Amino acid sequence: MRDVVDVPIAGEDVVFATQERARVAALREAQQASDDEGRFEAICVATHFWQAQISQVQKLLDEAGGRSKFDPDYLPFSAWIEEWMAQDFTGVADRQNDLVETLGRDRAQRIADERVTPRIEDVMDDIKEQLRQAIRHAEAEVDSSTADELAAPADADTKVCPDCAEEVKVKARKCRFCGFRFDEASSPG
């Protein structure tokens with residue numbers, strides 16, 4: 001299966017993509033674990049993110065459904081998501097339940113509390129930081145484009161509303177888009 005970051009739509013969703021990378025890494029780790037505790041820890045991480053991704057898949061499908069079938073991103077996403085949904089998630093969950101029985105409930109709970117929870121929190125912290133960076137980047141782009149719009153020539157016959165950033169006639173006393181009232185000093189007479 002292709003890496004999620006290489007898949008249009010799914011790879012662009014920071015939360016889904018980060019959870020998918022963590023889930024896939026945990027499944028690989030579970031296969032390579034040398035003991036039941038290590039397998040249980042990794043499978044718990046994988047099933048946690050799989051469960052978290054289920055509701056996100058519907059959002060991704062809705063987004064893809066709103067695109068044209070001729071959109072070059074549609075087919076790669078569609079093929080990848082079908083492959084994603086065809087995975088044997090119930091088999092992994094069954095293996096987790098078997099390991100709980102093998103390890104005992106108390107030991108399994110201790111592993112979940114002491115090892116699984118911190119790993120999940122680390123991934124969620126990573127997601128939060130990626131989202132913060134995306135917000136800062138978007139704000140910087142908006143600030144840059146707003147500054148360009150506000151730097152209109154002095155002899156222009158329009159001005160930018162400070163409330164909604166729409167362009168209105170320079171003599172307007174009220175913004176036709178948002179209703180903002182320009183004070184007497186800022187509206188020429």
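**Close-up views of a predicted model**

View 1. Phe89, Gln96, Leu99, Val100 and Leu103 are the buried residues of helix 4 (buried means under 20% relative accessible area, exposed over 50%, with a 1.4 Å probe and protein chains only). Looking down the axis of helix 4, you find these buried residues within an arc of 105 degrees, so they line one face of the helix; the arc is taken from the directions from the helix axis to the C-beta atoms. Turned away from that buried side are the exposed residues Thr90, Glu101 and Thr102. Gly104 follows helix 4 and has a positive phi, near 95 degrees. Helices here are DSSP runs (H or I, at least four residues), numbered from the N terminus.

This is a predicted model, in which local features need pLDDT of at least 70, side-chain atom pairs count only at pLDDT 80 or more, and totals for chains, interfaces and linings use all residues. Residues are numbered from 1 along each chain as its sequence is written, and side-chain values use heavy atoms, with hydrogens and water left out.

View 2. Among the buried residues of helix 1 are Phe16, Ala22 and Ala30.

**View 3. Phe49 and the largest nonpolar core.** This core has 19 residues, and Phe49 is among those with the most contacts inside it (a nonpolar core joins buried Ala, Val, Leu, Ile, Met, Phe, Trp, Tyr and Cys residues through side-chain atoms within 4.5 Å). Helix 2 gives the most to this core, with seven residues. Leaving aside residues up to four places away in sequence, Phe49 touches Gln19, Ala22, Arg23, Ile120, Val123 and Met124 (contact means heavy atoms within 4.5 Å).

Definitions and conventions:
Helices (H or I, at least four residues) and strands (E, at least two) are DSSP runs, numbered from the N terminus.
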